[in-house]
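User: Hey, I'm new to this one. Can you walk me through it?

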Amino acid sequence: MKPTLLVLAAGMGSRYGSLKQMDGIGPNKEAIIDYSVYDAIRAGFGKVVFVIRSSFGAEFKEVFSAERFGGKIQVEYVFQELHSGLPVGYAVPEGREKPWGTNHALMMGGTVIGEPFAVINADDFYGQDAIAQMGAYLAALPEGSEGEYAMVGYEVCKTLSENGTVSRGVCTIDGKGYLESIVERTKIVRQPLDEGGNIVYIDDDGSRHPLAENTPVSMNLFGFTPDYFRHSTEFFRKFLDDALQSGNLKAEFFIPLLVNKLVSERVAKLKVLHTTSDWFGVTYKEDRPATVQRVLDLIEAGVYPRNLWGK
């Protein structure tokens, strides 16, 4: 069975200032999503599932349709809303304004995915080799596999923005290339040269902690077997209980939160895949010009055609 690509596209791009998932950065207004889907098709993925919000659903589906991709891949849409997937007996707490984070978004795919799948962010450019490696890993899994996960790791120094802090899953890897732990750091930045120029993550209290240049980080390019949906549903209840009891109305159900739990409890193991691809993206509006240029460079190098869908 061909693997599926699950694209997390429900974020409103608050820091970017617009629906960055739909921003044309290619020479024919191709979005970053287009390049990810193009890479997925040539890597052998059979279906793409978009997680979106109803507030822009009609506009999104009009743009990113099966016809856009030339009928080369099956297309499905699922919706993430604040109330989506809440267990029976739970209600949205007063004051909560945003959905519950990336793993909550991922859970929405459980209604249409029954095969190994990769998950990516809509606004991250992962590269041909990265998606090809993940596709090959998932396609090689024996039918019925459970707990055989993977992720593509990137060096933190290659994933920063010059225009602000970024969120990354900071990883510890064992000698056999499997993940030992992953911790979400929501404020990573390179300090100015007059402050040393090193990379740090900033805690909520403002304290700064150094990160080595080659520290492996997750960019949310994960591969899972379908049992991950079951684990997500089970753990979501505990996450909600903890958030509600603590009164933390901004708590996020991040993918690394559950991955770390499953790996540490030996319920699953996660292989860290290395890639020759460079990651880049548009966390902030100011990142856009450099992203446009990097896409043009890849086109000039022959990695992508100038007209991606040949129209």
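This is a predicted model: local features need pLDDT of at least 70, side-chain atom pairs count only at pLDDT 80 or more; totals for chains, interfaces and linings use all residues.

User: Okay, so is Lys29 buried or exposed?

Analyst: Lys29 is exposed, because its relative accessibility is 62% and the cut-off for exposed is over 50%. Lys29 sits in the loop between strand S1 (4-8) and H1.

User: And what's its phi?

Analyst: Phi of Lys29 is near 65 degrees, a positive value in a residue other than glycine. For background, most residues other than glycine have a negative phi.

User: Which strand is Asn220 in, and what is its phi?

Analyst: Asn220 is in strand S11 (residues 216-224). Its phi is near 65 degrees too, again positive in a residue that isn't glycine.

User: Buried or exposed, that Asn220?

Analyst: Asn220 counts as buried, because its relative accessibility is 9%.

User: What does the side chain of Ser218 reach?

Analyst: The side chain of Ser218 reaches the backbone nitrogen of Asn220 at 3.0 Å. Ser218 lies in strand S11 as well, and it is buried, with a relative accessible area of 4%.

User: Switching topic. Which residues touch the most other members of the largest nonpolar core?

Analyst: Those are Phe50 and Tyr126, in a core of 54 residues. Helix H1 (residues 32-42) gives the most to this core, with six residues. There's another core apart from it, with 40 residues, among them Val49, Val51, Cys171 and Ala251.

User: What does Phe50 touch?

Analyst: Not counting residues up to four places away in sequence, Phe50 touches Val7, Ile33, Val37, Phe60, Phe64, Phe69, Val75, Glu76, Tyr77 and Val78.

User: I saw Ser65 in the sequence. Where is it?

Analyst: Ser65 is in the loop between helix H2 (57-63) and strand S3 (74-79). It counts as buried, because its relative accessibility is 12%. Setting aside neighbours within four places in sequence, Ser65 is in contact with Val75 and Tyr77. Both of those are also on the list of residues that Phe50 touches.

User: Pockets next. How much space is in the second largest pocket?

Analyst: About 440 Å³. The second largest pocket is lined by 19 residues, and Leu160, Ser161, Glu162, Asp287 and Arg294 lie nearest its centre.

User: Which element gives the largest share of that lining?

Analyst: That's H7, with three residues. The elements that give two or more residues are strand S8 (179-190), strand S13 (280-281) and helix H7 (288-300).

User: How many of the lining residues are nonpolar, polar and charged?

Analyst: The lining of the second largest pocket divides into six nonpolar, six polar and seven charged residues.

User: New topic: where is Tyr90, and what does its side chain make a polar contact with?

Analyst: Tyr90 is in the loop between S3 and H3. Its side chain makes a polar contact with the side chain of Asp241, at 2.7 Å. Beyond residues up to four places away in sequence, Tyr90 touches Arg237, Leu240, Asp241 and Leu244.

User: And Pro93, what is that in contact with?

Analyst: Leaving aside neighbours within four places in sequence, Pro93 is in contact with Trp100, Leu244 and Leu249. The C-alpha atoms of Pro93 and Leu249 are separated by 7.6 Å, although the two are 156 residues apart along the chain. Pro93 lies in the loop between S3 and helix H3 (102-107), and it counts as buried because its relative accessibility is 16%.

User: Last one: Asp227. Which helix is it in, and is it buried or exposed?

Analyst: Asp227 is in helix H5 (residues 227-246). It counts as buried, because its relative accessibility is 5%. A polar atom of its side chain lies 3.2 Å from the backbone nitrogen of Gly147.

User: How far is Asp227 from Leu211?

Analyst: Their C-alpha atoms are separated by 33 Å, with the two residues 16 apart along the chain.

How values were computed: Residues are numbered from 1 along each chain as its sequence is written. Side-chain values use heavy atoms; hydrogens and water are left out. A nonpolar core is a set of buried Ala, Val, Leu, Ile, Met, Phe, Trp, Tyr and Cys residues joined through side-chain atoms within 4.5 Å. Buried means under 20% relative accessible area, exposed over 50%, partly exposed in between (1.4 Å probe, protein chains only). Helices (H or I, at least four residues) and strands (E, at least two) are DSSP runs, numbered from the N terminus. Contact means heavy atoms within 4.5 Å. On a 1 Å grid over the protein atoms alone, a cavity is a set of points where a 1.4 Å probe fits but cannot get out, and a pocket is an open set with protein on both sides within 12 Å along at least five of seven lines; lining residues have an atom within 4 Å of a point. Grid points are joined across faces, edges and corners, and a volume is the space filled by probe spheres set on the points. Ala, Val, Leu, Ile, Met, Phe, Trp, Tyr, Cys and Pro count as nonpolar, Asp, Glu, Lys and Arg as charged, and the others, Gly among them, as polar. A polar contact is a pair of N or O atoms within 3.5 Å; within protein, one must be able to donate a hydrogen and the other to accept it, and residues adjacent in sequence count only if both atoms are side-chain atoms.
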